[in-house]
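Thanks for coming, everyone. Please put the structure up on the screen, and I will walk you through it.

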Amino acid sequence: MTEREKILARVRQALKTPAPLPGSHGKIHLPAAEQVRTSTAKQWLPFVGESFDERLALFAKNAAELKADFQLFNSADEMRAALTRLSETEKWQRVAGHSGGLTDAICATLGLPLLRTDRPYDVNDLESCDVGISECDALIAQTSSVLVTNRSAGGRALSVLPPHHVVLARREQLIADLPSAFELLKQKYAANYPSMISFITGPSRTGDIERILVLGAHGPKKLTILCF
Amino acid sequence: MTFVSQFLKQARVMTSDLRHRRIIRTALGNYEIVRDKRKAAFQNWQSARQLAAETKWEAVNHLDQYLEELVAKLEARGTKVHWASNSAQAREIILQIVTEKKARSVIKSKTMTSEEIHLNDALEHAGLNVVESDLGEFIVQLRHETPYHIVFPSMHLTRDEISELFQRELGSAATNDPEELTMIARDALRKKYITADIGITGANFAIAETGMISITENEGNARLTAALPKTVISLLGIEKILPKLDDLALFLPMLATMGAGQALTAYNTMYGGPRQPGETDGPEEWHVVLLDNHRTELLADAEQRDALQCIRCGACLNVCPIFRNVGGHAYGTTYSGPIGSVITPHLRGLHDWKHLSNASSLCGACTETCPVKIDLHHHLLQNRRNAAQEKPSASEQTTYKLFAFAANRPKLWNFGRKVARLFQPLQKPVKGTALDPAKAWTQTRDLPPLAKESFKDWWKKRK
């Protein structure tokens with residue numbers, strides 16, 4: 001008997017005695033086949049507003065609380081100009097990114113050496129980049145999270161290794177809440193999920209020293225979300 | 001020294017350490033404010049708790065099916081799954097992988113399960129360089145201590161202590177600025193992610209439906225640990241299961257709310273395999289180690305099975321008056337606070353650890369706060385009952401027999417009451433000393449004087 005069989009046998013033996021349902025004060029023991037969940041998460045999670053504008057405002061408000069820099073533009077050109085300004089103020093020398101509908105055109109205009117992480121790359125090179133620029137799968141109003149996968153956003157390390165992560169997004173990528181985010185993932189990837197899916201909510205942070213908030217513990221110190 | 005006497009000694013020291021109590025009170029006072037703010041943002045927190053409890057109940061009570069589904073999905077995408085019945089087997093599996101890879105250095109992201117199996121000792125004994133990457137874990141590792149709290153490992157330390165530690169161990173400049181201290185750790189660890197041969201992570205949830213491990217963190221250290229080393233090992237208890245991927249829509253915000261008073265932590269990441277064809281980074285090999293280590297024994301106790309629903313948010317520790325006074329290290333266990341007091345007797349033996357069931361005021365604050373509705377304070381009572389049934393204490397039995405004998409004989413009882421009242425003044429000079437029969441009580445409290453007239457006498461007179 002392998003350990004797998006032994007453990008599963010112990011589990012099955014243990015489960016022969018039914019346990020009471022939660023909230024039934026030890027009274028109700030339900031047969032296995034019946035529905036246990038009596039509600040869905042969407043109705044209990046924080047309210048996100050009905051209209052697109054309300055959700056956009058909520059995203060901006062949450063982002064400010066998280067100390068993420070969220071900027072909204074009227075066109076792709078405006079967004080490109082803003083990125084160039086950011087590059088100049090922060091004196092970027094080396095940029096990392098990946099190929100994509102938004103990133104291709106915009107990264108090219110920066111006129112800086114670009115490390116592509118959607119091709120085989122050296123991790124030491126990525127570590128020496130000033131910024132990682134990526135696209136995303138969605139922006140989530142409820143928590144001001146950026147949803148990325150290693151397929152849509154240049155691999156596993158691009159969004160965490162450089163000290164600054166810049167996300168490029170379109171307005172229509174804004175979705176309401178976490179249940180919609182999982183719905184989206186299912187529609188987009190159910191046949192073959194990427195090996196990494198990540199909800200990024202603000203820049204890297206820690207409170208391990210006297211519970212005082214410090215940004216940039218190991219991941220990026222800055223998170224900039226540019227959206228048009 | 002037995003576990004109980006060690007606990008009593010530690011508890012006595014810590015409860016009178018005013019400095020320790022002040023640090024914990026400040027930290028947890030701030031936690032309560034942000035936690036309540038996040039709870040209030042939910043449209044209905046109590047309903048969310050009920051749904052979370054139902055979801056975890058579903059997972060735990062069909063654990064065999066969900067484990068098989070999880071493993072099939074993981075293996076289909078090239079993940080190597082290992083099963084360990086106990087700590088020794090888990091250590092053995094991990095050491096074997098490490099040896100096969102001829103690894104010399106290991107980077108770890110936070111995992112309490114590795115504390116449970118004492119993995120670091122085993123790896124270091126085998127000659128490996130092991131570095132904890134979570135800031136709090138890194139700090140307690142430098143101090144050669146165990147984590148103080150399952151979510152906030154270095155909560156018991158001040159910035160000055162951390163500064164001294166960094167100066168001594170890392171040779172850094174003196175500073176008591178939390179930001180500068182964090183940057184010292186950041187710089188110390190940066191290269192370690194890139195050079196480490198092996199990454200070791202824990203897991204907050206394991207998704208049966210899609211074969212994924214979900215990791216919740218704030219620092220990005222787990223993201224890096226699971227991205228850069230060539231081989232990654234994830235160690236988790238078999239109870240970490242969630243049935244569906246979208247169950248995370250509820251569990252990620254609940255864990256952040258109760259764990260740290262956040263709407264969502266900075267990184268919540270689901271891993272579905274090692275590097276897949278066409279992907280440019282991530283580990284070439286990914287191993288998942290599923291650990292039983294007495295969890296199936298807890299599963300067999302239907303009355304306390306819900307303790308396996310625990311998501312290790314630490315909320316019950318934070319509200320517990322015992323934890324807040326004796327601190328995390330006094331317990332001498334991997335998991336402290338109410339949940340630790342409930343499960344440790346199952347994981348490490350009822351009779352060695354039954355004293356933790358008495359380290360409780362039974363106020364029920366833990367049960368009330370638990371996001372997955374574990375009936376914690378009743379489980380403490382059940383552990384007391386089980387311990388007494390399995391191995392009755394002779395002195396307790398004699399005491400209660402004598403009490404029952406006297407209480408069933410009104411004349412004897414009355415006589416005893418009168419005699420006791422006459423002798424009570426003699427107790428005063430020896431109050432709280434070894435000569436005092438009521439020592440356990442009178443050390444810190446007064447014994448009220450016995451009444452001159454009993455209720456029975458008063459009732460008779462009144463008629």
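How many helices and strands does chain B have? Chain B has 24 helices and ten strands. Helices here are DSSP runs of H or I with at least four residues, strands are runs of E with at least two, and both are numbered from the N terminus.

Some ground rules. This is a predicted model, in which local features need pLDDT of at least 70 and side-chain atom pairs count only at pLDDT 80 or more, while totals for chains, interfaces and linings use all residues. Residues are numbered from 1 along each chain as its sequence is written, chains are lettered from A and ligands numbered from 1 in the order in which they are written, and side-chain values use heavy atoms, with hydrogens and water left out.

Let's stay with chain B. Its C-alpha trace spans about 95 × 55 × 45 Å along the principal axes. Chain B has 463 residues, and 58% of them are buried. Buried means under 20% relative accessible area, exposed over 50%, and partly exposed in between, with a 1.4 Å probe and protein chains only. Now take contacts in chain B between residues at least 6 apart in sequence: 73% join residues at least 24 apart. Contact means heavy atoms within 4.5 Å.

Next, a strand inside chain B. Look at β4(B), residues 198–201. Ile198(B) and Ile200(B) point one way, Gly199(B) and Thr201(B) the other, and all are buried. Strands count as paired if DSSP finds at least two bridges between them. β2(B), residues 105–108, runs parallel to β4(B), with three bridges. There, Ile107(B) has Gly199(B) as its bridge partner. β7(B), residues 231–237, also runs parallel to β4(B), joined by four bridges. Ile200(B) is partnered there with Ile233(B).

Now the interface. 82 residues of chain A touch 101 residues of chain B. Together the two chains bury about 7800 Å², 59% of it on carbon and sulfur atoms. That is the accessible area (1.4 Å probe) that two parts lose on being put together, summed over both. On the chain A side, Arg156(A), Ile209(A) and His218(A) lose the most, together 11% of what that side buries.

What about charges? The rule finds ten salt bridges across this interface. A salt bridge is a side-chain nitrogen of Lys or Arg within 4 Å of a carboxyl oxygen of Asp or Glu. Arg190(B) forms one with Glu127(A), the closest N and O atoms being 2.9 Å apart.

Which element of chain A gives the largest share of the side that touches chain B? That is α1(A), with eight residues. By type, that side divides into 42 nonpolar, 23 polar and 17 charged residues. Nonpolar covers Ala, Val, Leu, Ile, Met, Phe, Trp, Tyr, Cys and Pro; charged covers Asp, Glu, Lys and Arg; the others, Gly among them, are polar.

β9(A) and β9(B), residues 267–271, are antiparallel over five bridges. One of the partner pairs is Ile200(A) with Tyr267(B).

Last stop: Gly219(A). Find it in the loop between β11(A) and β12(A). Is Gly219(A) buried or exposed? Gly219(A) is buried, with a relative accessible area of 0%. Val160(A) is 59 residues away along the chain, yet the two C-alpha atoms are separated by 4.8 Å. Beyond four places in sequence, Gly219(A) contacts Val160(A) and Ser204(A), plus Arg186(B), Glu219(B), Gly220(B) and Tyr267(B).
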